[in-house]
Number of protein chains: 2
Amino acid sequence: MATIRDVAKEAEVSVATVSRVLNSNGYVNEDTRKKVLAAIQALNYTPNSVARSLYKKSSKTIGLIVPDIKNPFFPELARAVEDVLNKNNYTLILCNSDEKAGKEKEYIEVLKQKYVDGFIIVTSTLTASDVDGLNVPIISLDRIFESNVPIIASKNYEGARKATRYLIDIGCKKIAHIRGPLHISTADDRCFGYYDEMESNGMLEETLIANGSYDIKKTTEVTKELLLNNPDVDGIFAGNDVMAVGVLKAAEQTGRVVPDDLAVIGFDGIYLCEVTSPQLSTIAQPIYEMGYRAAETLINLIEGRFEKSQGSYSFDVQLIERQSTKRK
Amino acid sequence: MATIRDVAKEAEVSVATVSRVLNSNGYVNEDTRKKVLAAIQALNYTPNSVARSLYKKSSKTIGLIVPDIKNPFFPELARAVEDVLNKNNYTLILCNSDEKAGKEKEYIEVLKQKYVDGFIIVTSTLTASDVDGLNVPIISLDRIFESNVPIIASKNYEGARKATRYLIDIGCKKIAHIRGPLHISTADDRCFGYYDEMESNGMLEETLIANGSYDIKKTTEVTKELLLNNPDVDGIFAGNDVMAVGVLKAAEQTGRVVPDDLAVIGFDGIYLCEVTSPQLSTIAQPIYEMGYRAAETLINLIEGRFEKSQGSYSFDVQLIERQSTKRK
DNA sequence: ATGAAAGCGCTAACAG
DNA sequence: CTGTTAGCGCTTTCAT
């Protein structure tokens with residue numbers, strides 16, 4: 001591997017000059033510039049980013065920490081982030097935290113030593129104090145974070161109200177909610193939205209809310225139990241699309257026909273919805289856009305560009321009607 | 001951020017000594033060791049990996065290049081890789097190539113400048129010459145690579161024969177194959193397996209093979225066309241599970257009942273199979289194990305450990321019967 | 001057992 | 001416009 005020194009020698013100039021043409025930085029005579037370029041060509045030289053990082057204290061790299069890339073919500077997010085980074089000559093480090101604060105902190109520690117320039121993190125376990133000392137820009141994606149880091153998310157509460165309202169509109173009389181894990185802001189907000197909408201329609205009953213998890217099988221079990229205790233439930237708002245699949249399975253296993261006996265709606269808008277049968281109605285978030293915006297915001301922060309409105313943003317969500325709620 | 005110099009000063013020793021205790025390398029008096037450790041504690045010092053990388057020409061980082069993390073096959077692979085890396089104190093850089101040789105080469109170039117220690121790559125466009133000069137260990141995952149890099153994959157050809165054989169066994173008389181993209185070794189091998197099994201049963205007709213792509217909608221179209229031209233097809237072996245979903249949709253749209261009018265089987269064994277209705281039969285690969293083994297092999301290579309049998313490995317696949325082939 | 005110093009490859013004052 | 005040089009923070013001979 002040729003170094004900047006080799007190039008300098010080949011071009012009969014100093015390393016400073018080579019560095020200048022490399023970074024189009026400072027004045028350099030057109031002729032010497034050409035000589036340097038030729039030398040670079042001749043030696044097939046490419047600058048060493050590690051050396052540059054050491055000096056610059058920046059690695060043109062960002063860390064994305066998600067709970068688990070296998071959850072179908074995250075690949076699309078990750079892809080969007082990677083696309084933006086790629087376009088801006090950054091590189092993506094992917095970390096799976098399994099929602100464990102320990103892993104998250106360790107990753108942050110390790111990556112900081114690598115001069116990572118920023119983080120995008122989907123977390124419900126980290127707190128402001130974990131992040132305050134951190135001298136690196138950080139963005140919270142998809143989840144509320146009690147601190148002043150920018151938050152890129154979407155309107156979970158409003159979306160949940162919309163979903164519930166919609167089930168009411170199509171004629172459901174007894175609507176249950178299988179909520180996502182406790183203490184995950186997204187799940188909490190959706191639960192609140194459901195709660196408030198139900199209450200303001202005088203339809204609320206505490207037993208209609210069940211605690212699910214982002215696991216199809218577990219959600220199926222939970223749903224079956226709920227249906228056992230409340231056989232006349234005729235509509236279910238699931239905490240997300242993956243959970244909605246679990247609900248669909250529960251319906252099938254208890255001999256209910258969706259949507260006629262039981263209308264089902266999810267949340268997120270992942271492609272999974274179009275694959276099930278019946279296809280799932282859902283409250284769709286603009287997932288790719290969320291990842292895209294998070295990455296753009298982070299890069300703006302890193303590069304010290306002006307950030308309007310603190311950088312936080314909340315995306316609108318959209319009701320998508322499919323077979324799982326279309327009653328004839 | 002404290003540096004090794006600060007620690008040295010605090011402990012009243014030289015930086016060399018600090019480095020020694022940091023790396024448990026060379027002799028160091030127990031007492032001075034304690035002093036150094038205390039200083040490290042006191043200053044809350046953590047070594048800077050970039051500086052270390054510069055000297056060592058290694059970053060404890062590997063690059064994983066996949067076509068598109070949104071394709072549900074890859075997240076599980078990526079997760080397995082990350083798990084192994086994490087356990088071995090490596091870090092994962094994720095790259096999406098969209099099957100474009102240009103992007104792959106560029107990523108390799110960029111990452112080499114970062115002293116990435118190795119690559120795991122899922123590619124059908126790179127060739128031996130792209131990789132020969134490369135002075136970094138590399139593993140080809142899931143795809144055949146014409147060169148002497150280790151290949152971690154599974155038995156696509158045998159699996160395809162098994163799938164075809166199975167459709168014959170359950171009584172299908174006219175079996176079609178919607179194959180994956182041309183020049184992707186996985187898709188080619190599966191097509192060959194189908195071809196050979198059909199031929200050896202005297203059932204082969206060239207018109208029963210259609211060119212699909214890893215896109216549900218396109219596969220649906222292709223399948224509908226094939227069914228139009230061959231209305232009496234009663235079994236389809238799809239190039240992978242995603243494509244099988246497309247086939248399921250085509251069946252639905254043309255008024256065919258799966259499995260009674262048309263038996264369908266996929267390949268891969270992603271979780272999607274259990275979500276469709278009817279649930280999809282498939283030839284399952286041990287996806288997680290594949291990623292796991294690829295990562296382990298790579299780390300062995302990087303750390304110069306003895307590699308039995310060149311490192312290549314081909315996993316067995318397993319027929320999983322579900323509703324899409326279960327005729328009453 | 002410990003320290004001094006060279007150097008990994010690059011950038012940015014500072015001089016000229 | 002160009003060169004010299006001092007680091008960035010760490011590891012590793014080579015002395016002692």
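Q: Into how many nonpolar, polar and charged residues does the lining of the second largest pocket divide?
A: This is a predicted model, in which local features need pLDDT of at least 70, side-chain atom pairs count only at pLDDT 80 or more, and totals for chains, interfaces and linings use all residues. Residues are numbered from 1 along each chain as its sequence is written, chains are lettered from A and ligands numbered from 1 in the order in which they are written, and side-chain values use heavy atoms, without hydrogens and water. With Ala, Val, Leu, Ile, Met, Phe, Trp, Tyr, Cys and Pro taken as nonpolar, Asp, Glu, Lys and Arg as charged, and the others, Gly among them, as polar, the lining divides into 16 nonpolar, 15 polar and 12 charged residues.

Q: Which helix gives the largest share of the lining of the second largest pocket?
A: Helices here are DSSP runs (H or I, at least four residues), numbered from the N terminus. Chain B supplies at least two lining residues from each of helix 1 (4-11), helix 2 (15-23) and helix 4 (49-56), as does helix 6 (101-113) of chain A. The largest share, 7 residues, comes from helix 6 of chain A.

Q: How many disulfides are there over all chains?
A: A disulfide is a pair of cysteine sulfur atoms within 2.5 Å. For A:Cys95 the nearest cysteine sulfur, that of B:Cys95, is 14 Å away, and for A:Cys172 the nearest, that of A:Cys273, is 17 Å away. By this rule the count over all chains is 0.

Q: Is A:Cys95 buried or exposed?
A: Buried means under 20% relative accessible area, exposed over 50% and partly exposed in between, with a 1.4 Å probe and protein chains only. Because its relative accessibility is 1%, A:Cys95 counts as buried.
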